[in-house]
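Subject: Handing over a structure

Hello,

I am passing this structure on to you, as you have not worked with it before. Please open it and keep it in view while you read the notes.

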Amino acid sequence: MNGVTSHSEDELMYLSIEQAARLLRRKEISPVELVDLSLDRIERLNPSLNAFLTVAARRARRQALLAEREIRRSGPRSLLHGIPISLKDNIWTRGIRTTAGSKILENFVPDRDSDVADRLARAGAILLGKTNMHEFAYGITSENPHFGPARNPWARDRITGGSSGGSAAAVAVGIGFASVGTDTGGSIRIPSALCGVVGLKPTFGLVSVAGVVPLAESLDHAGPIARTVADVSIMLEALAGRYPNGVGRPRRRELAQNRPPRFRLGWPEQYFFESVDDEVESAIERAARVFRSLGGRIEKVSLPGLAASVEAGTNISLVEATLYHQSLGYFPARAAEYGRDVRARLGLGAKVRAVDYLRARTTKREIEASFDSAFAHLDAVLAPASPIPAPRLGESEVKIAGKMKAVRSALVGAGRPANVTGHPAISIPCGLTRSGLPVGLQLIGPRWGEARLLAIARAYEEATDWHKKRPAAAREPFG
């Protein structure tokens, strides 16, 4: 091995997965070197970011040695072979603590892997550890009362967003090449937007959530977080289950070769832009001009009843979350062990009437139909991934267009519709505010339409350089 003499740590840690895989294949670097650099980076950066709850250093080094021998003997089995990654801490990992960010599961060590962990292990990815998150994934800020808040690497007095906040923060500072989060109301896309990385919520059911501590089973998704659309695509190849017959499965090589010469995006007339920070809206308007320059046609689209997705999604998640915690005897028997916000929401779930839950299910089907109708003539809907840049830690309200709004409702509003409908949605960086905080745009596509959605996202990414911006926390030494 030539070692890292010709590559700085930052250069290596900010390579794309494909670039790192090429160096591994040529034996210019080794999995051991990548893991050692990643662990050194965790040791230096995590005390201030609190992105990781558990670091599996010994196991990661063992996996790296094994990967090095396998690659030397027979070549890599996939682009992820020997690549360090992380997993959100509600994703079961055999022999590694899985807390779901909770006190109740503080010492829980699963005896088997989740489907997500198993698929990535079979692809040869190396697990660095488990990332911080909002308790039981039941919140949108990743301000964890038991393990401390995950901190935004662009401004450490700001939230990462949640609930997959630790995953997004880790990827943003070059700790691992990718992560996997979960998304029930925007929990992959929101932290990705606030931390300046790429996050994909796939079509409902495409990525198995077996072995993931659930929040609301009919809304839960798992998906990749990475620094580029191409890296997200590589992760999705490893994670995805079966597509329906006749549906094209997105392949990394196809995405590289088949840029859409023409595509149609919808600009929603209702809901998404009704309460948006001025700088966020301006960034998305600039992104729209880029899409037009790439051959995209943008037209207004009516999505009636979209506002009802918030109440519907809320009632579904309230009931299903409380049912899960009751079924395991956690709530209300161990109510004192929950953080205040999660305890309150579990209490609310016990009060939702059956008729309101059933009405929410009906509303869910109506909103699905509304999107499906739009996708008969559109390739994707363009919207904010988050209507605001990252709020400060502890901030409960923010001002949008001169009006105060609760942080939770502001953040979850943009993410909720695609969870309710199950359509795939991706967040990609599209700007920085005047104070240097990331802005993310969201593309929502038709069910099982990941291939075209990713191709459109990648075309935008390659026409801009927002994905190349790095947070200050990735450059500064920590004391």
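Predicted model: local features only at pLDDT ≥ 70, side-chain atom pairs only at ≥ 80, totals over all residues.

The search found seven cavities of 30 Å³ or more. I describe two of them here.

Largest cavity

The volume of the largest cavity is about 100 Å³. Its lining includes Ala137, Tyr138, Gly139 and Ile140, together with Thr184, Gly185 and Ser187. Leu215 and Ser317 also line the largest cavity, as do Arg408, Val412 and Arg416. Helix H14, which spans residues 407–421, supplies the largest share of this lining, with three residues. By residue class, the lining of the largest cavity holds five nonpolar, five polar and two charged residues.

Second largest cavity

The second largest cavity has a volume of about 80 Å³. Around the second largest cavity are Arg59, Gln63, Ile85, Leu87, Thr93 and Asp113, along with Ala117, Leu120, Ala121, Ala125 and Leu127. Two or more residues of this lining come from each of helix H4 (57–74), strand S2 (84–88) and helix H5 (115–123). H5 gives the largest share, three residues. The lining of the second largest cavity is made up of seven nonpolar, two polar and two charged residues.

Regards

Terms used
Residues numbered from 1 in each chain as written. Heavy atoms only, no water. 1 Å grid on protein atoms, 1.4 Å probe; cavity = no way out; pocket = protein on both sides within 12 Å on 5 of 7 lines; lining within 4 Å. Points joined across faces, edges and corners; volume = space filled by probe spheres on them. Helix = DSSP H or I, 4+ residues; strand = E, 2+ residues; numbered from the N terminus. Nonpolar A, V, L, I, M, F, W, Y, C, P; charged D, E, K, R; others polar.
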